[in-house]
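Welcome! Keep the structure open as you read, and look for each residue as it comes up.

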Amino acid sequence: METTEKRNGTRPGRWNPGYIFGIFMIIIYLGMAYLLVFTPLFRQNFSAVFRYSLGTVFFVYGIYRAYRQVKAYKE
């Protein structure tokens, strides 16, 4: 399925609201991974195994979203 940008031969701009929202969400996911793994903020509420597991999931998903964001911008 082609998007409007692909049909018109244009790329989404860097100031496109969807692009900015994508960057914002990448920062949120990577920030949550950092907070879960490296700060004492969640140590009282969650076990170490849960924090590291969830931190890893957030980190991997943040990297995946960043990859998709860059890939969509380059196309």
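Predicted model: local features only at pLDDT ≥ 70, side-chain atom pairs only at ≥ 80, totals over all residues.

Glutamine 69 sits in helix α3.

**Around glutamine 69**
- Setting aside residues up to four places away in sequence, glutamine 69 touches Gly18, Tyr19, Gly22, Ile23 and Ile26.
- To place these partners, note that helix α2 covers residues 17-38, while helix α3 covers residues 48-74.

- With a relative accessible area of 5%, arginine 51 is buried.
- Which residues does arginine 51 contact, once its neighbours within four places in sequence are left aside? They are Leu36, Val37, Thr39, Phe42, Arg43 and Phe46.
- Valine 57 is another residue that lies in helix α3.
- Valine 57 reaches 53% relative accessibility and therefore counts as exposed, since the cut-off for that word is over 50%.
- Between the C-alpha atoms of valine 57 and tyrosine 29 there are 9.1 Å, although the two residues are 28 residues apart along the chain.

**How helices α2 and α3 meet**
- Two packed helices are described by the angle between their axes and by the distance between the axes.
- For α2 and α3, the axes come within 8 Å and cross at roughly 160 degrees.
- An angle over 145 degrees counts as roughly antiparallel, so α2 and α3 are roughly antiparallel to each other.
- The crossing in which α2 passes α3 is left-handed.
- What kinds of residues make up the contact of α2 with α3? There are 18 nonpolar residues, five polar ones and two charged ones.

**The chain as a whole**
- The protein chain has three helices and zero strands.
- Read from the N terminus on, its elements follow the order α-α-α.
- Of the 75 residues in the protein chain, 17% are buried.
- Take the contacts between residues at least 6 apart in sequence: 60% of them join residues at least 24 apart.

Note on methods:
Residues numbered from 1 in each chain as written. Heavy atoms only, no water. Axes fitted to C-alpha atoms, helices over the stretch in contact; angles between N-to-C directions. Helix = DSSP H or I, 4+ residues; strand = E, 2+ residues; numbered from the N terminus. Parallel < 35°, antiparallel > 145°, perpendicular 65-115°, else oblique. Left-handed = near helix turned anticlockwise from the far one by under 90°. Nonpolar A, V, L, I, M, F, W, Y, C, P; charged D, E, K, R; others polar. Buried < 20%, exposed > 50% of the residue type's maximum accessible area, 1.4 Å probe, protein only. Contact = heavy atoms within 4.5 Å.
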